[in-house]
Amino acid sequence: MISRRSFGKALGFVTGVAAVSPAGPGSAQTASAASGAPLGTPAAHTGFPRLKQVRAGLLDVGHAESGPAHGPVVICLHGWPYDIHSYVDVAPLLAAQGYRVIVPYLRGHGTTRFRSARTFRNAQQSAIALDVIALMDALKIEKAVLAGFDWGSRTADIVAALWPERCKALVSVSGYLVTNREANLNPLAAKAEYAWWYQYYFATERGRLAMQDKDLRRDLTRLVWDTVSPTWDFDDATFERTAAAFDNPDYAAIVIHNYRWRLSLADGERRYDALEKRLAARPVIGVPTVTLDAERDPFTAPGDGASYRDRFTGAYEHRTLAGVGHNVPQEAPAAFAQAVIDADHLLGK
């Protein structure tokens, strides 16, 4: 098993990254062509120096903030079943390079709360993306580098596709993750379906009840951590720091709606129909982008990013992270931070 600490010490700030070059212009360069000052070996952190709340759209958003207040902004977006601690080692690396790093709890997680009890607990993709736009507006951020994995990749992809004027550059783990609900109606290969077992569990009443029960929820999410990150040697305390974010009163409702909506088993809201129609057309992303594939992530598609290469039309690099599982920023914080820096400098290469 490769621990987070030994990964950083043994592999340095960009090693462990196999740069893959899809055919065509704007393909990947070698990882040694990094921009900016070299990153140091990531230290193991357990928390953030500053946690804040801000009213933004439908939410009161809890978020961590690191780095200089007037530095270029990076917004890091977590996935499921994770929280802001996925970036607990990435944020200090970027802050040391002069970035203002903002890591928000997504709706239904941690200290983020809906401002009204009457608001539908909606987790369709466009609603979550609009949360990021609202957060940027509330913090008076005109433009930011967006970086994410899992739900965070999808959200960052959508902002980059629909509001490119707000996205300076993009880092997207697993590439293009915009949900196509019509395509999701088609069966996948058995091995791929097996990896998504919890999606089908959440389609049942038993799955919904499990998400509402604190002990069952912890057992289920811990199992997901174990299976999707087979080489990550995390300890109980690391998991528990994140699992505390699952005690949000809206957590179960948000998780269940997200997965049911993606499988067309739950409706969204009509106010988002126009955005979803645009997303169903698979819009291209033209902002500078670095995509990352995790070698040991069961959800990583074969082909070294070839399946989504045509969705990125701007300056582009693709990298495969050897020996890394699903929670890329926490398993390989230096490689993730370097991808952010490189994405921010792609136009200058």
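Student: Which residues of α4 are buried?

Tutor: This is a predicted model, and in it the buried residues of α4 are Trp151, Gly152, Ser153, Arg154, Thr155, Ala156, Asp157, Ile158, Val159, Ala160, Ala161 and Leu162.

Student: What makes α4 "mostly covered"?

Tutor: A residue counts as buried under 20% relative accessible area, and 12 of the 12 residues of α4 are buried. Their packing partners are β4 (73-77), α3 (125-138), β7 (144-148), β8 (167-173), α10 (251-262) and α11 (273-280).

Student: What is found for α10 when its span and its burial are examined?

Tutor: The 12 residues of α10 should span 16 Å, and its end C-alpha atoms lie 17 Å apart, which agrees. α10 is also mostly covered, with 11 of its 12 residues buried; among them are Tyr251, Val255, Tyr259 and Trp261.

Student: What follows α10?

Tutor: Ser264 follows α10, and its phi is positive. Ser264 belongs to the loop between α10 and α11.

Student: Why is Ser264 called partly exposed?

Tutor: The term applies between 20% and 50% relative accessible area. Ser264 has 35%, and is therefore partly exposed.

Student: What makes the phi of Ser264 worth noting?

Tutor: Most residues other than glycine have a negative phi. Ser264 is not a glycine, yet its phi is positive, at about 60 degrees. Ser174 is likewise not a glycine and has a positive phi, of about 75 degrees.

Student: Where does Ser174 lie, and is it buried or exposed?

Tutor: Ser174 lies in the loop between β8 and α5. Its relative accessible area is 12%, which is under 20%, so Ser174 is buried.

Student: Why is the peptide bond from Trp80 to Pro81 called cis?

Tutor: Its omega is near -5 degrees, and the bond is accordingly described as cis. Most peptide bonds are trans. Pro81 itself is placed in the loop between β4 and α2 (90-96).

Student: Which residues touch the most other members of the largest nonpolar core?

Tutor: Trp80 and Phe336 do, in a core of 102 residues. The largest share of this core, eight residues, is supplied by helix α13 (residues 333-344). In soluble globular proteins, nonpolar side chains tend to be buried together.

Student: Which residues are in contact with Trp80, leaving aside its neighbours within four places in sequence?

Tutor: They include Trp151, Tyr251, Val255 and Tyr259, together with His109, Asp150 and Phe202.

Student: How do you know that His63 is buried?

Tutor: The relative accessible area of His63 is 2%, and the cut-off for burial is under 20%, so His63 is buried. His63 lies in strand β3 (residues 59-66). Setting aside neighbours within four places in sequence, its contacts include Arg50, Val54, Ile102, Pro104 and Leu139.

Student: What makes the approach of Val61 to His63 a polar contact?

Tutor: Such a contact requires a pair of N or O atoms within 3.5 Å. The backbone oxygen of Val61 is 3.2 Å from a polar atom of the side chain of His63.

Student: Why is Leu346 called buried?

Tutor: Its relative accessible area is 6%, which is under 20%, so Leu346 is buried. Leu346 is placed in the segment after α13.

Student: How far apart are Leu346 and Thr289 in sequence and in space?

Tutor: They are 57 residues apart in sequence and 7.8 Å apart in space, C-alpha to C-alpha. Leu346 is in contact with Thr289, and its other contacts beyond four places in sequence include Pro288, Val290 and Tyr316.

Student: Which element supplies the largest share of the lining of the largest pocket?

Tutor: That element is α5, with five residues. The lining has 46 residues in total, of which Leu177, Leu188, Ala192, Trp196 and Phe299 lie nearest the centre of the pocket. The volume of this pocket is about 1,500 Å³.

Methods. Residues are numbered from 1 along each chain as its sequence is written. This is a predicted model: local features need pLDDT of at least 70, side-chain atom pairs count only at pLDDT 80 or more; totals for chains, interfaces and linings use all residues. Side-chain values use heavy atoms; hydrogens and water are left out. Buried means under 20% relative accessible area, exposed over 50%, partly exposed in between (1.4 Å probe, protein chains only). Helices (H or I, at least four residues) and strands (E, at least two) are DSSP runs, numbered from the N terminus. Contact means heavy atoms within 4.5 Å. A polar contact is a pair of N or O atoms within 3.5 Å; within protein, one must be able to donate a hydrogen and the other to accept it, and residues adjacent in sequence count only if both atoms are side-chain atoms. The expected span of a helix is 1.5 Å times one less than its number of residues. A nonpolar core is a set of buried Ala, Val, Leu, Ile, Met, Phe, Trp, Tyr and Cys residues joined through side-chain atoms within 4.5 Å. On a 1 Å grid over the protein atoms alone, a cavity is a set of points where a 1.4 Å probe fits but cannot get out, and a pocket is an open set with protein on both sides within 12 Å along at least five of seven lines; lining residues have an atom within 4 Å of a point. Grid points are joined across faces, edges and corners, and a volume is the space filled by probe spheres set on the points.
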